[in-house]
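Hello,

Here is the structure I promised to pass on to you. Have a look at it first, and my notes on what turned up follow below.

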Amino acid sequence: LPEQEAFDIEYWLLEEAKLQRMPRPKSLAGRVALVTGGAGGIGAATAERFLREGACVMLADIDAEALAATVENLSIRYGKDVLRGVPMNVTSEAQVGDAYAAMGVEFGGIDILVSNAGIASSAPVEETSLALWNRNMDILSTGYFLVSREAFRMMRVQGIGGSVVFVASKNGLAASPNASAYCTAKAAEIHLARCLALEGAEAGIRVNVVNPDAVLRGSKIWEGEWLDQRASTYGTDKQGLEEMYRQRSLLKRSVLPEDIAEGVYFFAADLSAKSTGNILNVDAGNVQAFTR
Ligand code: NAD
């Protein structure tokens with residue numbers, strides 16, 4: 001390296017180390033969050049973002065084994081006191097109720113709900129069975145309703161407001177080929193968020209949406225049938241798909257779970273105290289949003 005460049009790098013590394021040692025107030029200290037679909041992908045990245053800001057986090061997921069592994073892994077870095085896991089199927093009214101009861105027992109309430117648990121499963125409309133249609137509606141639309149209804153109940157009793165963040169999808173705004181069930185369920189999530197923003201405002205409950213574009217790395221969705229469906233729709237493999245999404249974005253960058261977590265954090269924290277009923281697309285500037 002040229003001498004000046006090496007000096008600059010060393011200088012910035014020292015600055016960074018100084019910054020890391022410096023105590024700074026944590027923006028979510030004292031806050032309690034429930035993150036659904038927290039066993040991996042976007043949910044786990046969001047949990048980590050919150051833990052870094054001093055929140056206590058309850059992870060909920062249908063996959064009990066993956067959930068336990070993620071809780072264990074994050075506990076090593078952030079301690080056992082600030083993290084819990086609860087197995088929960090978002091389509092089960094009883095299990096959602098039990099998870100909120102656990103929030104009360106373990107952390108004394110809730111300040112932040114991240115409704116994120118989801119699947120991606122679709123087909124051309126002629127091949128979409130009623131079961132496939134209902135699966136999308138149940139997990140995505142109805143699941144988001146059930147977890148936010150309980151958050152509203154708890155937050156109203158607490159009387160200090162709160163923040164609800166939906167991880168929806170850019171497919172809830174823009175149609176995607178051969179994915180009508182998924183796109184429609186995601187559109188319902190977005191409209192539910194708008195309705196809840198209206199209902200919660202007086203009580204100080206904010207409701208906002210983060211729409212990811214395709215996040216291929218670190219997401220289980222892209223290991224299963226969704227990958228096969230997208231690959232056959234676009235006639236390419238996983239790597240080709242990632243490149244296609246990257247090229248389609250204005251910034252020519254792939255979107256990662258951590259990028260989505262940053263958007264969720266913005267809506268969860270007081271940074272966005274004056275935002276409700278809003279949508280943030282984290283999509284590197286997806287061209288579907290533009291006419292050109
Ligand atoms: P992921 O599969 O890695 O994580 C989703 C989690 O939800 C999994 O741990 C899964 O076990 C859990 N889950 C599924 N069904 C559940 C149920 N009935 N009850 C409770 N938990 C359940 O995928 P991800 O990419 O992290 O997805 C998170 C959210 O982001 C989903 O709502 C998804 O639709 C949305 N999204 C993802 C992408 C992407 O490309 N990855 C793009 C747009 C939107």
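Let me start with helix H3, where Leu67, Thr70, Val71 and Leu74 are buried. Buried here means that 20 or more other C-beta atoms lie within 10 Å of the residue's own, while exposed means 12 or fewer and partly exposed is in between, with C-beta atoms placed from the backbone. Seen down the axis of H3, the buried residues fall within an arc of 100°, so they line one face of the helix; the arc is that of the directions from the helix axis to the C-beta atoms.

Before I go on, two notes on the model. It is a predicted one, in which local features need pLDDT of at least 70 and side-chain atom pairs count only at pLDDT 80 or more, whereas totals for chains, interfaces and linings use all residues. Numbering starts from 1 along each chain as its sequence is written.

Back to H3: the face turned away from its buried side carries the exposed residues Glu65, Glu72 and Ile76. The buried residues of H3 pack against H2, strand S2 (56–61) and strand S3 (83–87), where contact means C-beta atoms, placed from the backbone, within 7 Å. Helices (H or I, at least four residues) and strands (E, at least two) are DSSP runs numbered from the N terminus. H3 covers residues 64–78 and reaches 20 Å from its first C-alpha to its last, close to the 21 Å expected at 1.5 Å a residue; that expected span is 1.5 Å times one less than the number of residues. After H3 comes glycine 79, with a positive phi near 95°.

S2 is mostly covered, with six of its six residues buried. Cys56, Met58 and Ala60 lie on one side and Val57, Leu59 and Asp61 on the other. S2 runs parallel to strand S1 (residues 32–36), and five bridges join the two; strands pair if DSSP finds at least two bridges between them. One of the bridge partners is alanine 60 in S2, which goes with threonine 36.

H1 (residues 3–21) is another story: the count of buried residues among its 19 residues is zero.

Finally, the ligand. Of the 30 residues around it, Gly37, Gly41, Gly118, Ser219 and Lys220 come nearest, a residue being near if its C-beta atom, placed from the backbone, lies within 6 Å. Helix H2 (41–52) and helix H5 (130–158) each give two or more residues to this shell, and the largest share, three residues, comes from H2.

Best wishes

Terms used: Two residues are in contact if their C-beta atoms, placed from the backbone, lie within 7 Å.
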